[in-house]
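Keep the 3D view handy as you read.

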Amino acid sequence: MGRGCLVRSEKYLLILLLVKVFVKLFNYAYNPSPAAQVHGSAFLSPQPEVAADRGRPPLRLGMVGGGPGSFIGPVHRMAAELDRRFALVAGSFSSDLSKTRAGAAAYGVTSERAYAGYREMFAAERARTDGIEAVAIVTPNHLHLPIAVAALESGLHVLSDKPATATLAEALTLRDVVRRSSGLYGLTYTYTGYPMIREARRRVARGDVGRVRKAIVDYPQGWLSSPIERQGNKQAEWRVDPARSGLGGCIGDIGVHAFNLAEYVSGARVRTLLADLSSVVPHRVLDDDCNVLLRFDGGQPGVLTASQISTGERNGLTLRIYGETGGLHWSHADPTVLTLNYSDDRSEILHASSAQFGAAARLPTGHPQGFIEAFANIYSDFADAVLGARDLIGTVIPDIEAGVRSMRFVERAIESSRAGGRWLGLEDEVTA
Ligand SMILES: NC(=O)c1ccc[n+]([C@@H]2O[C@H](COP(=O)([O-])OP(=O)(O)OC[C@H]3O[C@@H](n4cnc5c(N)ncnc54)[C@H](O)[C@@H]3O)[C@@H](O)[C@H]2O)c1
């Protein structure tokens, strides 16, 4: 074979190689992996159909709180296991060991993995080859900080219920710990898991309603209209007790949901607020009704109400966002529907369907789904994050920054109200 022939075959090889690289790059750009889809355009595209861990055993989950008779622990358990992304294998479900054991039996957790305390659980699980990889925190608020810190320091991932902590100072402490940790930290702001809330966010980000001009979020409940904390209602007892609830009553319990939702969907950040909080039911120390005016970072006005004494209301969260060319409306009473109204007299009524809105919508249109599925979407995203799509934290899944912002909101609202209704900056130092 002559030298010219060799050079020619080398040239062909080089061209072949370049073509192969080009084809690979082209394929990647137009058919990114599920994880890359999540990373690249979590905001703008539907949820990926393919779970990042298909074929992998579920992640091993421990739970703190959520014992017999509790409200949100059982919801977490159902949601975590709905998509087989997590399996609940250990828990310290109550401060009372007999209740923890009863919880373990109900959840299918073996008795040896029912622990008297969360520290004991983290130490024992660490020593096992099949120890827990993540922990769900579903206790009253005052325990969120110590449990999250102990979990992160044990190398675990943390999915905590809101509010992040009982006070702003605690949230800032937790933020430092999260920043130093290898474990991930996410917050279950439930409403961010609804497919039509995600679609609303996508529509606003895409400019469908034009520049955002106003946000109204209204969260009325009526279950604390009378002093049921004095009649043995466990959920009410700790929520009206500053030692367990934190500085906020209703504002820390559901006001933070409303605040987070307004920012999550509008894409705008609250800059200042003026609050009027009340303790309507006699003898309550903490607020049970909250009326707050907001200003977002572009100067846009907002209105936020949260109330637990709105007699007869159940969990009537609604969100309205108005932009220059249209507005949108979502209601928790009918969470699979999103309505958009435009200035040119057109309206769009969108119904959640897996065909249109991807895996987060789960089912064909017309098949009701709600709270547990929304929670399960957050768990599924958290599993993706643990398995590599870390960018989901702080974009799709509310992170510790969202937790800190919510606690700033709580403390500023309390301070503003105490000052007789004064405009305060969210970032200002708290003086009250
Ligand atoms: N995301 C949501 O939509 C949502 C809804 C309800 C409650 N929450 C939040 O979830 C948390 C729990 O609320 P809940 O209504 O389920 O309260 P709950 O009173 O019904 O349950 C609290 C559970 O924590 C357990 N517990 C208390 N101290 C403990 C300890 N030291 N160790 C282990 N377990 C302990 C209790 O035994 C109980 O089982 C709160 O932070 C609340 O704000 C969130």
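## Where to be careful

Where pLDDT is low, the predicted coordinates should not be read in detail.

For the protein chain as a whole, mean pLDDT is 90, with 87% of residues at 70 or more. As for the bookkeeping, residues are numbered from 1 along each chain as its sequence is written, and side-chain values use heavy atoms, leaving out hydrogens and water. Because this is a predicted model, local features need pLDDT of at least 70 and side-chain atom pairs count only at pLDDT 80 or more, while totals for chains, interfaces and linings use all residues.

## The overall fold

The protein chain has 14 helices and 14 strands. These are DSSP runs numbered from the N terminus: helices are H or I with at least four residues, strands are E with at least two. Of the contacts in the chain with a separation of 6 or more, 68% link residues 24 or more positions apart.

Of the 432 residues in the protein chain, 53% are buried. Buried means under 20% relative accessible area, exposed means over 50%, and partly exposed is in between (1.4 Å probe, protein chains only). The chain's accessible surface is about 19300 Å², and carbon and sulfur atoms own 55% of that. Those areas come from the Shrake-Rupley method with a 1.4 Å probe; for residues, only the protein chains shown count as cover.

## The ligand site

There are 29 residues around the ligand, and Phe71, Asn141, Asp161, Thr190 and Gln235 come nearest. To make that list, a residue needs a heavy atom within 4 Å of the molecule.

Polar side-chain atoms reach the ligand in several places. Asn141 puts one 2.7 Å from a ligand oxygen atom, and His144 has one 2.9 Å from an oxygen atom of the ligand. On its own the ligand would expose 850 Å², and the protein buries 88% of that.

## The nonpolar core

In soluble globular proteins, nonpolar side chains tend to be buried together. Here the largest nonpolar core has 113 residues, with Phe122 and Phe409 touching the most other members. A core of this kind is a set of buried Ala, Val, Leu, Ile, Met, Phe, Trp, Tyr and Cys residues joined through side-chain atoms within 4.5 Å. Helix α11 (residues 250-266) supplies the largest share, 10 residues.

Click on Phe409 and, beyond its neighbours within four places in sequence, you'll find contacts that include Ile251, Val256, Phe259, Leu294 and Leu426.

Tyr194 sits in the loop between β5 (185-187) and α8 (195-206), yet it is buried, at 3% relative accessible area. What does it touch, not counting residues up to four places away in sequence? The partners are Trp330, His332, Pro335, Gly370, Phe371 and Ala374. With Gly370 the C-alpha to C-alpha distance is 7.4 Å, across 176 residues of sequence. The side chains of Tyr194 and His332 also make a polar contact at 2.7 Å. A polar contact is a pair of N or O atoms within 3.5 Å; within protein, one must be able to donate a hydrogen and the other to accept it, and residues adjacent in sequence count only if both atoms are side-chain atoms.

Arg405, in helix α14 (residues 400-418), counts as buried at 14% relative accessibility. Its side chain makes a polar contact with the side chain of Glu263 (2.7 Å). Arg405 also touches residues including Phe259, Arg269 and Leu426.

Most residues other than glycine have a negative phi, and most peptide bonds are trans. The Lys162 to Pro163 peptide bond is cis, with omega near -15°; Pro163 lies in the loop between β4 (157-160) and α7 (168-180).

Asp345 has a positive phi, near 75°. Its loop runs between β12 (337-342) and β13 (347-351), and Asp345 is exposed at 74% relative accessible area. Arg362 has a positive phi too, about 70°, in the loop between α12 (354-357) and α13 (371-386). Arg362 is partly exposed, at 23%.

Terms used. pLDDT = per-residue confidence, 0-100. Contact = heavy atoms within 4.5 Å.
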